[in-house]
Amino acid sequence: HLARRRGLSGRVQVRFFVDAHGRADQIAVVHSVHPSLDEAARAAVARAAPFAPGPAWVNVPVDFAITPN
């Protein structure tokens, strides 16, 4: 909600490791937009698990845009 109130938007680049069970580990922000969006991007990756089993490093962009209600 903070991001919406401040009109924040942009693309956060996240990198994480997928283990043999499909769990996301070592979730890190590679390109930051704002701390609140960074945390939301990390949380989105964590919620999206399980992934296809690894081991593998994954880079993913997470886009945030303010849309009218």
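Mentor: The discussion below moves from the overall fold to the sheet and then to individual residues.

Mentor: This is a predicted model, in which local features need pLDDT of at least 70 and side-chain atom pairs count only at pLDDT 80 or more, while totals for chains, interfaces and linings use all residues. Residues are numbered from 1 along each chain as its sequence is written, and side-chain values use heavy atoms, with hydrogens and water left out.

Trainee: How many helices and strands does the protein have?

Mentor: Helices (H or I, at least four residues) and strands (E, at least two) are DSSP runs, numbered from the N terminus. Here there are two helices and three strands, and along the sequence they follow the pattern α-β-β-α-β.

Trainee: What share of the residues counts as buried?

Mentor: Buried means under 20% relative accessible area, exposed over 50%, and partly exposed in between, with a 1.4 Å probe and protein chains only. Of the 69 residues of this protein, 20% count as buried. The accessible surface, from the Shrake-Rupley method with a 1.4 Å probe and, for residues, only the protein chains shown as cover, comes to about 4,600 Å², of which 55% belongs to carbon and sulfur atoms.

Trainee: What is the order of the strands in the sheet?

Mentor: Strands of a sheet pair through backbone hydrogen bonds, either parallel or antiparallel. Two strands count as paired if DSSP finds at least two bridges between them. In this model an open sheet of three strands has the order β2-β1-β3, with antiparallel pairing. Because β2 and β3 (56-64) stand at the edges, each with a single partner strand, one side of each is left without a neighbour in the sheet.

Trainee: How many bridges join β1 to β2, and how many join β1 to β3?

Mentor: β1 (10-18) pairs with β2 (residues 24-31) over five bridges and with β3 over nine bridges.

Trainee: Which residues does Asp19 contact beyond its neighbours in sequence?

Mentor: Contact means heavy atoms within 4.5 Å. Asp19 lies in the loop between β1 and β2 and, at 17% relative accessibility, counts as buried. Leaving aside its neighbours within four places in sequence, Asp19 is in contact with Pro53 and Gly54. For the protein, among contacts between residues at least 6 apart in sequence, 68% join residues at least 24 apart.

Trainee: Is Gly7 buried or partly exposed, and where is it found?

Mentor: Gly7 is found in the loop between α1 (2-6) and β1, and it is partly exposed, with a relative accessible area of 47%. Gly7 and Ile66 are 59 residues apart in sequence and 6.6 Å apart in space, C-alpha to C-alpha.

Trainee: Which peptide bonds are cis, and what is the phi of Gln26?

Mentor: Most residues other than glycine have a negative phi, and most peptide bonds are trans. A cis peptide bond joins Ala49 and Pro50, with omega about 10°, and another joins Gly54 and Pro55, with omega about 20°. Pro50 lies in the loop between α2 (35-48) and β3, and Pro55 has its place in the loop between α2 and β3. Gln26, in strand β2, has a positive phi near 55° and, at 47% relative accessibility, counts as partly exposed.
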